[in-house]
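User: I would like to learn how to read the contact between two chains. Could you take me through it step by step?

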Amino acid sequence: MTIDDLAGRLGTVAGEVEGVRAELERSQPAPVTGLPSREALERIRLAWIEQRDLAARVVEQIRRLAGDVAQAAQTYRAVDEPGPDRGWSP
Amino acid sequence: MVAVSDPLGRLRQEAARLLAVVDETLARCGAPDHHPIWPLLRAVGLLPGDAVTEVVALSLEAFRERADLLRSHHERCAGVGDLVRAPSGWEGAAAEAAGAQLESARAGLGMLAAHAGVLASLLADLAEWAGQGRGRLARTLAKVLTSAQAVELTLDDTEPGARAQAAADIGAQVLAEVAAFWEGGGEIVRDRLARLEPEPAQRGRLPDAPAAGRIVVEF
């Protein structure tokens, strides 16, 4: 696997988690609709929202990482002398 | 979605008239002092008819659908974790920074998968709890529909004190079942959600933890 491959894989993972996030966004925890006064069910609603927000943070993190990895691969390719790093282009 | 195909859904229609009389009598006449219905009214916060309507309106299918969705999220997030690994043999400062960030990303994915699994289990358990609770409430409604108190409430010549007593007796039986229903669900939620807390070892590696060093290629 090359560093370019890793960037591609990270893009795939970010897309998968974004799909999860979008499904959490679309599928609101309907069982609690209309019953906000029930503490237990309100906690489910909050846990659902926290899960959606966690997914959003993971997506953002992986996308940023994919960008950094892609940039590193581009830099490695752009220079003649690889410096101290090894194994970046097997 | 209101389920009408199970015993509670069918009995609810039969019981609606009686419960309307119970609610109206309690609202108009109150209940005898020290009757067991008083703490139940405070605990549930609704008159018996409204309390039953709330339970009837709870959709088991909605719980099940969301449990299935979260189960699929668990599998998808766990499945992609292995893709988040650095190429073997990559060494240097950039590789080290990437390794730290990849570890953090795997921790985030792992937590997402774990939480999805816990929530899926919670919602599946709630569907089962709701189904069992609906069955118990249906049996309670069947019991009060055929009770002597129900007869008292349907007779025109029942004196007001006896009507209040009958309404309170029926209301107490119904509310006790509803209170147990909500308490049972609350216990499941409290127990399962306690498992969502991140373990101390995981907290420092979550996506919102301080970012690992940037990946910088040095020459």
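User: How many residue pairs are in polar contact across the interface of chain A and chain B?

Analyst: This is a predicted model. Across the interface of chain A and chain B, 6 residue pairs are in polar contact, both residues being at pLDDT 80 or more. On the side of chain A that touches chain B, the elements giving two or more residues are α1 (3–26) and α2 (39–78) of chain A. The most comes from α2(A), with 19 residues.

User: Which classes of residue make up the side of chain A that touches chain B?

Analyst: That side has 29 nonpolar, 9 polar and 10 charged residues.

User: How is the size of an interface given?

Analyst: The usual figure is often the accessible area lost when the parts come together. Here, the area buried between chain A and chain B is about 4,500 Å², and carbon and sulfur atoms give 70% of that area. In terms of residues, 48 of chain A are in contact with 52 of chain B.

User: At what angle do helix α3 and helix α7 of chain B pack?

Analyst: Two values describe such a pair: an angle and a distance between axes. Helix α3 (residues 48–57) and helix α7 (residues 160–193) of chain B pack at about 35 degrees, with their axes 9 Å apart. The crossing of α3(B) past α7(B) is left-handed.

User: Which residues make the contact of α3(B) with α7(B)?

Analyst: From α3(B) they include B:Pro48, B:Ala51 and B:Glu54. Among those from α7(B) are B:Gly171, B:Phe181 and B:Trp182. By class, this contact has 9 nonpolar, 1 polar and 1 charged residues.

Note on methods:
Residues numbered from 1 in each chain as written. Chains lettered and ligands numbered in written order. Predicted model: local features only at pLDDT ≥ 70, side-chain atom pairs only at ≥ 80, totals over all residues. Heavy atoms only, no water. Contact = heavy atoms within 4.5 Å. Buried area = accessible area lost by both parts, 1.4 Å probe. Polar contact = N/O pair within 3.5 Å; in protein donor to acceptor, adjacent residues only side chain to side chain. Helix = DSSP H or I, 4+ residues; strand = E, 2+ residues; numbered from the N terminus. Nonpolar A, V, L, I, M, F, W, Y, C, P; charged D, E, K, R; others polar. Axes fitted to C-alpha atoms, helices over the stretch in contact; angles between N-to-C directions. Left-handed = near helix turned anticlockwise from the far one by under 90°.
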